Each structure stands twice: as C-alpha cells, then as structure tokens.
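Please have the sequence and the structure open while reading.

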Amino acid sequence: MQSKALTPQEYLFNLPEDRKEVMQKLRNSIIKNIPQGFEEVMSYGMLGFVVPHSIYPDGYHCDPKLPLPFMNLASQKNFIALYHMGIYANEQLYNWFVTEYPKHCKTKLDMGKSCIRFKKMDDIPFELISELAGKVSVTDWIKTYETAFKR
C-alpha cells in the first residue's frame, strides 16, 4: 500500500488509528538512533531514510534522480513492514539480526530479503530496531552499496 502523503507527518496522520502509535514509536526509534547524514523523506509511498544527493550525488542506480535508499517503514494491510537494505547487502548484519530477534520477540521472525514483517502490534522489538538503525553509518552504507549493488 503506497501512500500519496507528501511528508512523513502527513503519512502518520493518515494512518488507521490502530497503527498510529506503533508507527510513531518505530519512527522515533529509528530517528533517535540512525547515524548522522541519513535524511527522512517520503520514498516509494513510505517513510524513508536515505542518503541525500548532497552526500551521494550519484543517487540510486535504479533511478539516479532518487537519493540512495537505506531504510523504509510502512503500514501495510496486514502488517507493518521495515525494509532495511543493509540487512540485504551485509551478511554479517543479517546474521546478527536473525540471532538477536528471538531474544526480543515471542513470535517467529517473518522476513524476506530486506523486509521484516510485524503482524502483531504488541510484539514489536523496538529496542532491537533502535539498535539496528544505528549499526550502519552513511559512509559504511555507501561502501556496501557500491560493492553489492552498483555495477
């Protein structure tokens, strides 16, 4: 479900009531911990955290007009999704997250390549997401991205 919101605040305002508090808490967990240099924007109809063109002028290889994506957060129909490109591109980070997840949640990890799905609003590992958000600097993300994706 892509939102037509133009700002993160508008996105949050338009969420169903039962998602607003959880989404705001997840957003705050990311904002408080994500390293300096990442910028919050609307990206692909979701809350996005990107490397702006002012830091990485090449932009995203799929569409260089777009800033380099890093994380997205979205309220989908049946779950909340956290998309984290670093997990997809960095096996060490992926392994850390998969190992840590059961220590923070009662539910089984529901994860695609970079998409973590939270179906139970009362079992979201906010502390783990906070830690995940702070694990990769802008410089490290650019290096990983150029190694893993950019050809």
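## The hairpin of β1 and β2

In the hairpin formed by β1 and β2, 2 residues lie between the strands, and Y44 has a positive phi near 55° there. The model is a predicted one. Y44 is not a glycine, although its phi is positive. Most residues other than glycine have a negative phi. Y44 sits in the loop between β1 and β2 and is partly exposed, with a relative accessibility of 41%.

S43 stands opposite M46 in β2.

V50 has P69 in β3 as its bridge partner. β3 and β4 also pair in the antiparallel sense, over 5 bridges, and a hairpin of 4 residues joins the two strands. Between them, L73 has L82 in β4 as its bridge partner. In β3, 8 of the 8 residues are buried, so this strand is largely enclosed by the rest of the structure.

## Helix α2

Helix α2 has 17 residues and reaches 25 Å from its first C-alpha to its last, close to the 24 Å expected at 1.5 Å a residue. Which of its residues are buried? The buried residues of α2 are R19, V22, M23, L26, R27, S29 and I30. These residues lie on the same side of α2, because they cover an arc of only 155° around the axis. An α-helix has 3.6 residues a turn, so residues three or four places apart point the same way. The face turned away from the buried side of α2 carries the exposed residues E17, E21 and K32.

The buried residues of α2 pack against α1 (8–13), β1, β2, β3, β4 and α5.

## Helix α5

What does α5 pack against with its buried residues? The partners are α2, β3, β4, α3 (85–89), α4 and β5. The buried residues themselves are F126, L128, I129, S130, L132 and A133. With 6 of its 8 residues buried, α5 is largely enclosed by the rest of the structure.

## The nonpolar core

In soluble globular proteins, nonpolar side chains tend to be buried together. The largest nonpolar core here has 45 residues, and I30, L82, F97 and W141 are those with the most contacts inside it. One of these, I30, is among the buried residues of α2.

Which residues does L82 contact, leaving aside its neighbours within four places in sequence? L82 is in contact with I30, M71, N72, L73, S114, C115, I116, F118, I129 and L132. Among these contacts, L73 is also the bridge partner of L82, while I129 and L132 are among the buried residues of α5.

P102 lies in helix α4, which covers residues 91–104. Is P102 buried or exposed? The relative accessible area of P102 is 55%, and residues over 50% count as exposed. P102 and P125 are 23 residues apart along the chain, and their C-alpha atoms are separated by 9.5 Å.

Note on methods
Residues numbered from 1 in each chain as written. Predicted model: local features only at pLDDT ≥ 70, side-chain atom pairs only at ≥ 80, totals over all residues. Heavy atoms only, no water. Core = buried A, V, L, I, M, F, W, Y, C linked by side-chain atoms within 4.5 Å. Buried < 20%, exposed > 50% of the residue type's maximum accessible area, 1.4 Å probe, protein only. Contact = heavy atoms within 4.5 Å. Pairing = 2+ DSSP bridges. Expected span 1.5 Å × (residues − 1). Arc of directions from axis to C-beta.
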